[in-house]
Amino acid sequence: MPRIVRPTAYGTPEVLAVADMAVPRAAADGVVVRVRAAGVNPIDWKVYSGAFHAVDDSHKDAAGIAAPMPSIGLECAGVVTETGTKVTGVGIGDEVIVYPVTSAYADYVAAPATSVFRKPAGLSWAGAGSLLLTGTTAVHALEAAEVSTGDTVLVHGGSGGVGLMGVQLAAARGATVIATAAERNHQLLRDLGATPVAYGPGLVGRVRAAAPGGVSAAVDFAGTDEALDVSLELVPDRQRIASIAGSPRRGEAGIKLLGYGPGQDAGTEVRATARHDLVERAGSGELRVVVAATYPLGEAAQAHRAGLAGHAPGKLVLTP
């Protein structure tokens with residue numbers, strides 16, 4: 001029988017269970033995809049941990065929390081097995097990337113055709129299945145912070161899944177990139193075009209030494225108080241600080257808050273528009289998807305424990 005991973009209650013990764021599922025049917029304007037890889041993202045464990053922030057009703061589907069018990073897995077890649085009667089441009093047997101979608105921790109997933117993009121031949125299944133959520137989040141943050149040629153941008157959480165995308169995309173825009181990370185990940189950041197600095201006490205001084213001309217923008221993918229305080233101290237214009245996570249203190253700081261909660265910018269149009277370009281960049285090798293580790297579908301809980309530990313750079317991926 002096909003399988004799906006679902007949380008059975010709110011709590012820690014131990015609440016995840018593998019269950020049998022019926023193969024979904026395609027809607028008239030949708031497809032069914034046999035999943036080959038599903039990206040693992042922090043939002044996946046946040047929605048069943050009970051720690052997820054308030055979400056506007058209009059964004060509950062996008063966040064995967066519209067059902068009584070959250071669904072998990074918002075991105076994947078695989079092979080089309082069925083198409084709806086109104087679908088054109090994609091056919092059975094096509095290899096595709098799917099985002100946004102819900103319940104992607106499964107052997108099969110149904111999705112609207114508008115969420116489907118052809119997988120570049122040179123992109124691995126793991127890379128394809130974990131490209132678009134982090135990629136579109138990074139684009140949204142860079143757009144919000146107005147990062148462009150000539151800027152010096154500070155990327156907090158530079159070795160995480162979103163941070164690694166943000167580093168590469170900011171450099172591609174012509175910005176000078178300073179990125180925070182543990183020292184063990186510094187060479188990777190250098191390889192991707194950033195000047196790495198270690199987070200922790202003294203961060204302001206290290207950033208100033210790395211950027212003697214000053215910092216014009218900051219994107220916070222770490223969500224720590226340190227990231228907020230350092231950004232506020234170094235970036236003259238608070239509207240050029242964009243944050244995707246952190247404490248309620250952010251709401252009083254005058255910075256741009258990105259997400260699905262009240263008073264936050266969901267960036268729906270920016271994210272949707274960015275997808276095709278991200279797929280092309282990844283297919284050409286211009287954009288690298290760093291995969292830290294892959295896990296079988298039945299080891300989703302182990303993947304989440306690894307994600308919560310946060311030691312390895314890049315993305316975690318399930319391979320049904």
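Predicted model: local features only at pLDDT ≥ 70, side-chain atom pairs only at ≥ 80, totals over all residues.
Local features need pLDDT of at least 70, side-chain atom pairs count only at pLDDT 80 or more, and totals for chains, interfaces and linings use all residues. Residues are numbered from 1 along each chain as its sequence is written, and side-chain values use heavy atoms, with hydrogens and water left out.

Helix α4 covers residues 132-144. Helices (H or I, at least four residues) and strands (E, at least two) are DSSP runs, numbered from the N terminus. α4 has 13 residues. Its first and last C-alpha atoms are 18 Å apart, close to the 18 Å expected at 1.5 Å a residue. The expected span is 1.5 Å times one less than the number of residues. α4 is mostly covered, with twelve of its 13 residues buried. Buried means under 20% relative accessible area, exposed over 50%, and partly exposed in between (1.4 Å probe, protein chains only). The buried residues are L132, L133, T134, G135, T136, T137, A138, V139, H140, A141, L142 and A144. Just after α4, E146 has a positive phi of about 60 degrees.

α4 packs with α5 at an angle of about 55 degrees, and their axes are 8 Å apart. α4 is therefore oblique to α5. Axes are lines fitted to C-alpha atoms, for helices over the stretch in contact, and angles run from 0 to 180 degrees between N-to-C directions. Angles under 35 degrees count as roughly parallel, over 145 as roughly antiparallel, 65 to 115 as roughly perpendicular and the rest as oblique. From α4, the contact (heavy atoms within 4.5 Å) involves T134, G135, T137, A138, V139 and L142. From α5, the contact involves G161, V162, M165, G166, L169 and A170.

Helix α9 runs over residues 268-284. Its 17 residues should span 24 Å at 1.5 Å a residue, and its end C-alpha atoms are 25 Å apart, which agrees. α9 bends by about 35 degrees at R275. The bend is the angle between axes fitted to the seven residues ending there and the seven starting there. R275 is also among the buried residues of α9, with R271, A274, L278, V279 and A282. These buried residues pack against α4 and α5 (161-172), and against strands β5 (95-98) and β7 (116-118). G285 follows α9 and has a positive phi, near 90 degrees.

D44, W45 and Y48 of α1 meet H304, G307 and L308 of α10.

Two single residues were also examined. P196 lies in strand β10 (residues 195-197). P196 is buried, at 12% relative accessible area. Leaving aside residues up to four places away in sequence, P196 touches A179, H186, L189 and R190. V155 is 41 residues from P196 along the chain, and their C-alpha atoms are separated by 9.4 Å.

K86 sits in the loop between β4 (76-83) and β5. K86 counts as exposed, at 65% relative accessibility. With residues up to four places away in sequence not counted, K86 touches A28 and D29. K86 and G30 are 56 residues apart in sequence, but their C-alpha atoms are 7.9 Å apart in space.
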